[in-house]
Amino acid sequence: MKMTGSKQITASNEKVWQAILSAEVLQRCVPGCQEMSGSASEGFEATVVQKVGPVKATFKGQVTLSEMVQGQGLKLSGQGKGGAAGFAKGSATVTLTSTDGITILSYDVEAKVGGKLAQLGSRIIDGFAKKMADQFFERFRDAVENPEDQSTNETTEDDKKGWLTKLTC
Amino acid sequence: MPKDSGIGASPKRREDIRFLTGLGQYTDDISLTGETHAVFARSQVATGIIKSIDTSAAENMPGVLAVFTGDDFVDVGGNPAGWLINSRDGEPMKEPKRPVLAHGKVRHVGDAYAAVIAETAEQARDAAEAIEADIDEQPAVVDMKSALAGGALVHDEIGTNQCFDWGWIEDNRAATDAAIKSAPHVTTLELVNNRLVPNAMEPRASTGVFDPGTGDYTLYTTSQNPHLTRLLICAFVLGIPENKLRVVAPDVGGGFGSKIYHYGEEALVLSAAKKLGRPVRWTASRSESFLTDAHGRDHVTKIEIACEKDGTFLAFRTETMANVGAYLSNFSTATPTFLHGTLMAGNYTVPTLYVNVKAVFTNTAPVDAYRGAGRPEATYSLERAIDKCAQELGMDPLALRRKNFIKPDQFPYAAAAGLEYDTGNYHALVDKLEELADLSGFEARRAATKATGKLRGIGVNTYIEACGIAPSNLVGVLGSRVGLYDAATVRVNATGNISVMVGAHSHGQGHETAFPQVVADMLGIDEGSIDIVHGDTSKIPFGMGTYGSRSLAVCGSAVVRATEKIINKAKKIAAHMMEASEQDVEFSEGQFSIAGTDKSVGFGDVALKAYIPHNFPIEDIEPGLEETAFYDPANFTYPAGAYACEVEVDPDTGKVTIDRFTAVDDFGNVINPMIVTGQVHGGLAQGIGQALLENCTYDENGQILSASFMDYAMPRASDLPLYTVDHSCQTPCTHNPLGVKGCGEAGAIGSPPAVVNAVINALHSGGHTDVTHIDMPVSPARVWAAMNS
């Protein structure tokens, strides 16, 4: 599936560009990311835990950066294998346009899933992917605008529990 | 007065007692000492090159006994196609190897490339996940048009995705083209026969056993067809001598075609059992069933009907693309050809027709025969097109059909598609349909529906099918690599009760009840003393299994022939016992008697004498009372029917509700009317499921999206109306001893066009006359979109 969007970030072009190349920032922004290592030039290794409909899995995969044009844009490509749960692949072409300390980050995302994720989650996968992309770029904006706030990736498990589960657990 | 026993009676199905009380013995219920468990590693991509498979981690996991990959099976054979189809140019079809486990390349999501054997199923599952397969995903072909238009190749070695390009009947091509070109009216319709997942209630399961002491193998498996499975494994795949492999298909929880075929898992568990010296069992998960059971239908067709302005048919022409999936399943080449093209004349006296079928490989699960197998595809395209033709001509759809029916006095009738229908009366079927479906009351019902804001529509259609598969001579000419006779042994025990060993497998058809009715009727004894034995190659003489509505017409005929032999031999024994000449012995109601005397002996006394042959003329008569017969039919049988469906369409949502459904069938003679009614009910549920709900969908990358019951809509009781079913219009088959035609598939063949015809009719009544077709399933979204386009 394909989706596009944009975020307005109150930060200079240079600051946004630095953030995009940072493993630390990426780890905070990729929803469900447990671990992230590597570098912009060599690519990142990531471990992501996600639940898509009935399928919950740990995805291990790579994120690589390509088509990098300093300050203007790049392509983030990732693929993760979730063992029996299947796999996900995707890429986001990111374009930056900056004026007066405001940077517009536009993204063009293409994603596909396979295996059990596709078999069991096809009805919800489009919505899920859109949510993931939205979350990623929202967190990215927050990470750039409020670099001290480290809270982004900590709350996932509790957030997913419904009010009933929270009461009974 | 209905009969209470024998032919024509409706005793309750004796097998239902065990099925309904949880006492059935299915493959997965069989537990053997020392058994181990197999789990398969399956491709998550539609196609890809297997660069490496690292099994070392898996092999070292707890409980793991062995790991197999495609490398272990390079020296054995492949699973073959049962029919050789030649293309129009005379070239034989492309027949790529179908290995036990994928080797070098995976070709559909679910294609197994490795298997783990472990002490428990959980250990095997964990280890299967630990197999590191480096599979380089390649571009997939999913859509048939692009597969033929030079898309990526499913099988590189054959250089094309076209399995064959078949013409039927090639000699009629020019005449058909000419008739269509010059015809006063031509109706054209393009349609899709949607892909279906069989979804038997019981998933596939297999247990392989090897006895090192004797070298004998046993395979317990979910099969409609244990002898064919044995033949395929022995002669083509593993090379085991046939006398060293026993195949047992115990109770089987539904097949619908998907369990006719041999699958790689069966060969795997046998090979693993030999290697380990322990039984190896496997049961498919529901996901595996969706991914790997042979799917059904998946045709894309363009059909043209040429006719006079008064509706007289002049020619039919169809062009079909038939998806065979990634590998050729055993019947996959016969289904779109000789079970489809040969039926394209329908019930009609069309002078000429031509059928072109291109079979296409794609990166999807194999597609093969599914309840109806080719005949639903033929019926659907023809009967939808006739309905469209009637609209275009401004004729009543039934009147157009009646005008072109083969008349009762024209039988036997050599139809334009090459088959000779032995008997039928289509006018009688339609007359009965008009009465039972209360067609004259339709307008009043439509008005009542209109008052509720909904649209009511009626759809009718007829069908013809070729069942009782099949005369070996004929199918041999048509490319079948096997004969399609069947066999039965009638064993009369010393105490007079009887075991009948039959080649047809019963998995919902009620053979265990119906076959004894036949034997009891012939012998004049209580059917309760007769049992059917089936599904075990070590117990029954031979058999070609259950499919194509063949069991009673072919295997039942073998039962009749074997029982006739029993009667003949028993007459000899009775003559000896009564010191009379054999020619003078008469047999009636279980008693042998001498005409004109009061001498008689009962069947039980004769049976006892056969096994205690004191004072027995052993030079003339062998002891024992057991006879075997093989029966090869002279022709197909030709069940036919006329169906009517009434729907209500909610214009706000597009939801279709079936309000009435009437099925009038001619099955020839009927052995057990209750079972026949049940078979029709089941077939209708499947046909209506196809028409309204079911759809197997792959995305453009070859990922199957409808792979669970969350996304694949099965028909439920609330989706179905109370049926009106009738089989009183009987023109008995002229060439088998019971005069029966077969009823197992009729409902699934005859119902889809009636449903769609009804929906189109409803939409037209609401002013949507521009809607001439909606592809199945006619889901609310599709109907709503058609109404609002």
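Q: Which strands does helix H6 of chain B lie across?
A: This is a predicted model, so take what follows as computed from it. Helix H6 (residues 226-237) of chain B lies across strand S10 (216-221) and S11 of chain B. Against S11(B), H6(B) runs at about 145°.

Q: And what does helix H7 of chain B touch?
A: Helix H7 (residues 264-276) of chain B packs on the sheet, where it touches strand S1 (36-42), S3, S5, strand S9 (205-211), S10 and strand S12 (280-283) of chain B. The direction of H7(B) makes about 30° with that of S9(B).

Q: OK, what's the strand order in that open sheet of seven strands in chain B?
A: The order is S3-S5-S1-S12-S9-S10-S11, and the pairing is mixed.

Q: Which strands are at the edges?
A: Strand S3 (64-69) and strand S11 (245-248) of chain B. Each has a single partner strand, so one side of each has no neighbour in the sheet. On average, neighbouring strands here are turned by 20° against each other, direction ignored.

Q: How do S3(B) and S5(B) pair, and through how many bridges?
A: They run antiparallel, with five bridges joining S3(B) to strand S5 (residues 112-118) of chain B. For instance, Phe68(B) sits opposite Ala115(B), and Val64(B) is opposite Ala118(B).

Q: What about S1(B) and S5(B), how many bridges there?
A: Six, and that pair runs antiparallel too. Ala115(B) turns up again: Phe40(B) stands opposite Ala115(B) in S5(B).

Q: Is S5(B) largely enclosed or left open?
A: Largely enclosed by the rest of the structure, because seven of the seven residues of S5(B) are buried.

Q: Back to the two helices. At what angle do H6(B) and H7(B) pack?
A: About 70°, with their axes 11 Å apart. They are therefore roughly perpendicular to each other. The crossing is right-handed.

Q: Which residues make that contact?
A: H6(B) brings Thr229(B), Ile233(B) and Val237(B), while H7(B) brings Glu266(B), Ala267(B) and Leu270(B). By type, the contact residues are four nonpolar, one polar and one charged.

Q: Switching topic: what's the order in the open sheet of three strands in chain B?
A: S22-S23-S24, with antiparallel pairing. Strand S22 (585-588) and strand S24 (600-602) of chain B are the edge strands, each pairing on one side only. Neighbouring strands in this sheet are turned by 20° against each other on average, direction ignored.

Q: How many bridges join S23(B) to S24(B)?
A: Three, between strand S23 (residues 591-594) of chain B and S24(B), and the two run antiparallel. In one of the bridges, Ser593(B) is partnered by Ser600(B) in S24(B).

Q: Which strands does helix H15 of chain B touch?
A: Helix H15 (residues 551-577) of chain B packs on the sheet and touches S22, S23 and S24 of chain B. The direction of H15(B) makes about 125° with that of S22(B). Helix H16 (residues 603-611) of chain B lies across S23 and S24 of chain B, at about 75° to S24(B).

Q: I keep looking at Tyr643(B). Is it buried or exposed?
A: Tyr643(B) counts as buried, because it has 31 C-beta neighbours inside 10 Å, and the cut-off for buried is 20 or more. Tyr643(B) lies in strand S26 (residues 640-649) of chain B.

Q: What does Tyr643(B) touch, leaving out residues up to four places away in sequence?
A: Val460(B), Asn461(B), Thr662(B), Ala663(B), Gly750(B), Ser751(B) and Ala754(B). As for Pro541(B), which is 102 residues away along the chain, its C-alpha atom is separated from that of Tyr643(B) by 39 Å.

Q: Now chain A. What's in its secondary structure?
A: Five helices and seven strands. From the N terminus they run β-α-α-β-β-β-β-β-β-α-α-α. Chain A has 169 residues, and 36% of them are buried.

Q: How many residues does each chain put into the contact between A and B?
A: Chain A gives 13 residues and chain B gives 13 residues. On the chain A side, the elements giving two or more residues are strand S7 (102-114) and helix H3 (116-145). H3(A) gives the most, with six residues.

Q: And how do the residues on the chain A side divide by type?
A: Four nonpolar, six polar and three charged.

Key. Residues are numbered from 1 along each chain as its sequence is written. Chains are lettered from A and ligands numbered from 1 in the order in which they are written. This is a predicted model: local features need pLDDT of at least 70, side-chain atom pairs count only at pLDDT 80 or more; totals for chains, interfaces and linings use all residues. Helices (H or I, at least four residues) and strands (E, at least two) are DSSP runs, numbered from the N terminus. A residue is buried if 20 or more other C-beta atoms lie within 10 Å of its own, exposed if 12 or fewer, and partly exposed in between; C-beta atoms are placed from the backbone. Two strands pair if DSSP finds at least two bridges between them. Axes are lines fitted to C-alpha atoms, for helices over the stretch in contact, and angles run from 0 to 180 degrees between N-to-C directions. Two residues are in contact if their C-beta atoms, placed from the backbone, lie within 7 Å. Ala, Val, Leu, Ile, Met, Phe, Trp, Tyr, Cys and Pro count as nonpolar, Asp, Glu, Lys and Arg as charged, and the others, Gly among them, as polar. Angles under 35 degrees count as roughly parallel, over 145 as roughly antiparallel, 65 to 115 as roughly perpendicular and the rest as oblique. A crossing is left-handed if the near helix is turned anticlockwise from the far one by less than a right angle, and right-handed if clockwise.
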